[in-house]
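Take a look at the sequence and the 3D view first. Then use the notes below to find your way around.

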2 protein chains.
Amino acid sequence: MSPQSPPATASSAPEPQLSAFTAGIEGPWQMERVIGVVGESLPRTARLSVVRDESPRDPTTAWVLRATTSNLRYTDRGETNALGAVQEGLGRPAAVNAAFIAIRKSAAWWALAQDERRAIFEEQSHHIGIGLDYLPGVARQLYHSREVGEPFDFLTWFEYAPEFASAFDRLLDRLRATMEWTYVEREVDIRLSRCPMI
Amino acid sequence: MSPQSPPATASSAPEPQLSAFTAGIEGPWQMERVIGVVGESLPRTARLSVVRDESPRDPTTAWVLRATTSNLRYTDRGETNALGAVQEGLGRPAAVNAAFIAIRKSAAWWALAQDERRAIFEEQSHHIGIGLDYLPGVARQLYHSREVGEPFDFLTWFEYAPEFASAFDRLLDRLRATMEWTYVEREVDIRLSRCPMI
């Protein structure tokens, strides 16, 4: 709210965090490969950064995708607890590999009612169940991009140790074979490695 | 995405529309009263407009709240069909009264899992069922504000004819008495009337 912004209300839960994935010549993650899985790909650059959206932009930036964290929109209480019991956070020293996967679903997906999307997402496609098989090896953060006017609906960020790379590929193979993925009309898969601290 | 924006993918469903509610001395809706129902209120001004977020800002604007339309997040297929059979759109000539209701829910609400939020929203609070009792008299549009970094979670816009004003108040009384509303930590209720065309 601007220009008169009332004081924020006190709250203990994490607020949605608007973030920007910026691709260019600077940044802590080196782009190893860019795969246009479905539809138009994204230009490969040397580096990728994840920054708060308010950060000043480097003029050498090639492209930027904005997105926000949010509450979980399908996960039920049992699933939330199961995930919470085993998942680990981003930034683990051994997790020097990352994947940035940008997804856009079709108009047909967004025209479904909540119960229909949930049924395809989990009861038919086992999205949460499949994901659980790869925790805590894979740490991840989901960002929502659709509501901030971007060309993708979701930007997903994964971090894992190099010895987990083939398991991560199996995870993606399983998800891409599901009913849910028949609604994916654009998917770009970017693999990265953390640049050594200087 | 900027500065290199790939062409948008063809799609037949409505895309989320980022909008701005701007309060000041200009605009088609005259502010009749502003009620801080729970928590801090908003400053009353002469007029309110609903514009696309990219619109140039009038320098006399007192405050702006941004939000986006999105897909429905609780409504199941049966409810979607029931609503679709009776609801009417905004902009009806006889609907010269409007209500702008801004709501923020608590951290406890956002910490709930999807099934828990749905159960409170509909099975316990009958939010959709209560709303159906007032269709098609009340036309409405829900905007999501939480994910775009604003102090409210939802901005709701209602339009109705003057003879429906007391029914609209009963609708609000019923919703505010529900379990769902125990999670509302800030609510501002602004009533407006459409300015006659000159």
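Over the face of which residue does A:K105 lie? A:K105 lies over the face of A:W109, at 3.9 Å from the ring centre. Keep in mind that this is a predicted model.

**Charges over rings**
- In chain B, the charged end of B:K105 sits over the ring of B:W109. The distance to the centre of that ring is 3.9 Å.

**Aromatic pairs**
- Over all chains, 20 aromatic pairs are counted.
- One of them joins A:F21 and A:W157. Their centres are 6.1 Å apart, and the planes are 40 degrees from each other. The pair counts as tilted, because planes under 30 degrees apart count as stacked and those over 60 as edge-to-face.
- This pair links distant parts of the chain. A:F21 is in strand β2 (residues 18-24) of chain A, and A:W157 is in strand β8 (residues 154-160) of chain A. The two are 136 residues apart.
- Both A:F21 and A:W157 are buried.
- A:F21 and A:W157 also belong to one aromatic cluster, together with A:W29, A:W63, A:F100 and A:Y143.

**Helix α3 of chain A**
- This helix covers residues 114-124. Its buried residues are A:Q114, A:R117, A:R118, A:I120, A:F121 and A:E122.
- These residues lie on the same side of α3(A), because they cover an arc of only 165 degrees around the axis.
- What do the buried residues of α3(A) pack against? Within chain A, they pack against α1 (77-86), α2 (107-110) and α4 (127-132). They also pack against α3 (114-124) of chain B.
- Just after α3(A) comes A:H126, with a positive phi of about 55 degrees.

**Loop residue B:T45**
- B:T45 is in the loop between β3 (29-38) and β4 (47-52) of chain B.
- Is B:T45 buried or exposed? B:T45 counts as buried because its relative accessibility is 13%, and the cut-off for buried is under 20%.
- The B:T45 side chain reaches the backbone nitrogen of B:G24 at 3.3 Å.
- A polar atom of the B:T45 side chain also lies 3.1 Å from the backbone oxygen of B:R47.
- Leave aside neighbours within four places in sequence, and B:T45 is in contact with B:A23, B:G24, B:M31, B:A62 and B:W63. Among these contacts, B:G24 is the residue whose backbone nitrogen the side chain reaches.

Terms used
Residues are numbered from 1 along each chain as its sequence is written. Chains are lettered from A and ligands numbered from 1 in the order in which they are written. This is a predicted model: local features need pLDDT of at least 70, side-chain atom pairs count only at pLDDT 80 or more; totals for chains, interfaces and linings use all residues. Side-chain values use heavy atoms; hydrogens and water are left out. Helices (H or I, at least four residues) and strands (E, at least two) are DSSP runs, numbered from the N terminus. Buried means under 20% relative accessible area, exposed over 50%, partly exposed in between (1.4 Å probe, protein chains only). A polar contact is a pair of N or O atoms within 3.5 Å; within protein, one must be able to donate a hydrogen and the other to accept it, and residues adjacent in sequence count only if both atoms are side-chain atoms. Contact means heavy atoms within 4.5 Å. The arc is that of the directions from the helix axis to the C-beta atoms. Rings of Phe, Tyr and Trp (its six-membered ring) pair if their centres lie within 6.5 Å; planes under 30 degrees apart count as stacked, over 60 as edge-to-face and the rest as tilted. A charge sits over a ring if NZ of Lys or CZ of Arg is within 6 Å of the ring centre and within 35 degrees of the ring normal.
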